[in-house]
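Here's a quick tour for anyone meeting this structure for the first time. Have a look at it, then read on.

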Amino acid sequence: MRNLLILAFLCFITAANAQVYVNKVNINDRDLQYVEVWEKFDNDKKRYMGLVDYGQYDDRKNDKEGKMLRITNQEGIAIEFNGIMHILNFMHRNGWEVMNVKAVDDYESYVMKRKEMFDIPISGSDN
C-alpha cells in the first residue's frame with residue numbers, strides 16, 4: 001500500500017510539472033486529448049523545430065514558416081531538436097504518447113494522445 005501511495009504521488013508530481021509550450025501557450029494546461037506533431041528543418045540553424053497542431057488558429061498565409069505551431073519555451077523562443085525522435089521523446093517526457101503515424105507528402109506526422117495519469121503497471125498487482 002505504501003509503494004502504491006508513493007507511486008501515485010510521483011505520478012502526480014510528474015503530471016503537474018509537464019509543460020509543452022506552443023507559441024508560448026502551455027498545451028498541458030488546456031483541455032486537450034490529442035495533438036498532431038511533426039518536424040521542420042531550419043536551414044539557418046541546421047536543427048529541427050517541433051511543430052504541434054492542437055486545434056489553434058494557424059494563419060498559413062502570413063505564417064509560412066510555421067512559427068505559430070513551434071514548440072517554444074515559456075518566453076516564446078523556439079526549442080531546437082536533433083530530429084523527430086528527439087521531439088517524440090520530449091513529448092513523451094511531458095505526458096504524451098504516440099497513437100498513430102501518418103504519411104503526408106514528403107514527411108510523417110504523429111498523432112499523440114495525452115497519457116493517462118495512472119497507466120503505469122504496478123509490480124505485484126493482481127491485474
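Keep in mind that this is a predicted model. Let's start with the second largest pocket, which holds about 270 Å³ of space. Two elements each give two or more residues to its lining: β3 (34-42) and β4 (47-53). Trp38, Lys40, Leu51 and Asp53 are among the lining residues, and so are Arg60, Gly66 and Tyr107. By type, the lining splits into seven charged residues, four nonpolar and one polar.

Now for the sheet. Five strands form an open sheet in the order β6-β4-β3-β8-β7, and the pairing is antiparallel. At the edges stand β6 (80-81) and β7 (96-104); each has a single partner strand, so one side of each has no neighbour in the sheet. Strands of a sheet pair through backbone hydrogen bonds. Between β7 and β8 (residues 107-114), the antiparallel pairing runs over eight bridges. To find your way along β8, look for Met112, which Val98 stands opposite.

Helix α2 (residues 84-93) lies across β3, β4, β6, β7 and β8, and it runs at about 145° to β3.

Most residues other than glycine have a negative phi. Asn23 and Asp105 have positive values, though neither is a glycine. Here they are side by side:

Terms used. Residues are numbered from 1 along each chain as its sequence is written. This is a predicted model: local features need pLDDT of at least 70, side-chain atom pairs count only at pLDDT 80 or more; totals for chains, interfaces and linings use all residues. Side-chain values use heavy atoms; hydrogens and water are left out. On a 1 Å grid over the protein atoms alone, a cavity is a set of points where a 1.4 Å probe fits but cannot get out, and a pocket is an open set with protein on both sides within 12 Å along at least five of seven lines; lining residues have an atom within 4 Å of a point. Grid points are joined across faces, edges and corners, and a volume is the space filled by probe spheres set on the points. Helices (H or I, at least four residues) and strands (E, at least two) are DSSP runs, numbered from the N terminus. Ala, Val, Leu, Ile, Met, Phe, Trp, Tyr, Cys and Pro count as nonpolar, Asp, Glu, Lys and Arg as charged, and the others, Gly among them, as polar. Two strands pair if DSSP finds at least two bridges between them. Contact means heavy atoms within 4.5 Å. Axes are lines fitted to C-alpha atoms, for helices over the stretch in contact, and angles run from 0 to 180 degrees between N-to-C directions.
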